[in-house]
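Q: Please take one part of this model and go through its side-chain pairings closely. Keep it brisk.

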Amino acid sequence: MTLLRNAMGWLGGHVRLAIEYALIALLVSVSGFALWQWGHSQQQDAERAELYGKYQAANVAIQGLVSDNQAQDAAISALKELRAKDAKAITGLQKDVAHADRRSLSVKTTLDQLEKNNARAKTLLDIVVAPDVGCVLDGRACPRGEPPHASSSGKTR
């Protein structure tokens, strides 16, 4: 208690000095806080600038992905159109092949019936066909010879 009494006694005589020390302490504290606040503000500005740069880079990347996605959508649409055209062409080819098969079977059946029922037709059908003509009927590659537009004398028309 004597220490406190001595401090109060000293303070009582030096009130102005105590107020000056308090004001100096307050000024140093406020200056320190202002300096800390300024540094913190600078740090936040730097972080904000860094985040904005990342945002810009991400935005550019997203725009690139969007344009790539649009290009892929266009390619997919084109491929779908091609697939539809191919499916239509394949269906047409399948119908043509089925029709050709039916005609071939019909011709074969007719020839078989003709061969059974008509002796003269059987005799004609039993004749050996020359290879130059047979290749056309069989669908084989014909031997190379005289061009189709050449006459029997070797002169062209």
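A: Glutamate 50 is partly exposed, at 47% relative accessibility. That class lies between buried, under 20% relative accessible area, and exposed, over 50% (1.4 Å probe, protein chains only). Glutamate 50 has a partner: its side chain meets that of lysine 54 in a salt bridge, 3.4 Å from N to O. The term needs a side-chain nitrogen of Lys or Arg within 4 Å of a carboxyl oxygen of Asp or Glu. Both residues sit in helix α2, 4 residues apart, about one turn of the helix. A helix here is a DSSP run of H or I, at least four residues, numbered from the N terminus; a strand is a run of E, at least two.

A word on the source. This is a predicted model, where local features need pLDDT of at least 70, side-chain atom pairs count only at pLDDT 80 or more, and totals for chains, interfaces and linings use all residues. Residues are numbered from 1 along each chain as its sequence is written, and side-chain values use heavy atoms, leaving out hydrogens and water.

Now move along α2, which covers residues 15-117. Arginine 16 bridges to glutamate 20, with the closest N and O atoms 3.4 Å apart. These two are also 4 residues apart in α2, about one turn. Arginine 16 is exposed, at 67% relative accessible area. Glutamate 20 is partly exposed, at 34%.

Further along, lysine 108 and aspartate 112 form a salt bridge at 3.3 Å, N to O. Again the spacing is 4 residues within α2. Lysine 108 is partly exposed at 48%, and aspartate 112 is partly exposed at 32%.

Salt bridges also form a network, which links Glu115, Lys122 and Asp126. The whole structure holds 6 salt bridges.

Back to the middle stretch. Tyrosine 52 and tyrosine 55 form an aromatic pair, 5.9 Å centre to centre with 35° between the planes, and it is tilted. Rings of Phe, Tyr and Trp (its six-membered ring) pair if their centres lie within 6.5 Å; planes under 30 degrees apart are stacked, over 60 edge-to-face, the rest tilted. The two tyrosines lie 3 residues apart in α2, about one turn. Tyrosine 52 is partly exposed at 49%. Tyrosine 55 is partly exposed too, at 48%. The whole structure has 2 aromatic pairs.

Last, the setting. The chain has 4 helices and 0 strands. Of its 157 residues, 3% are buried.
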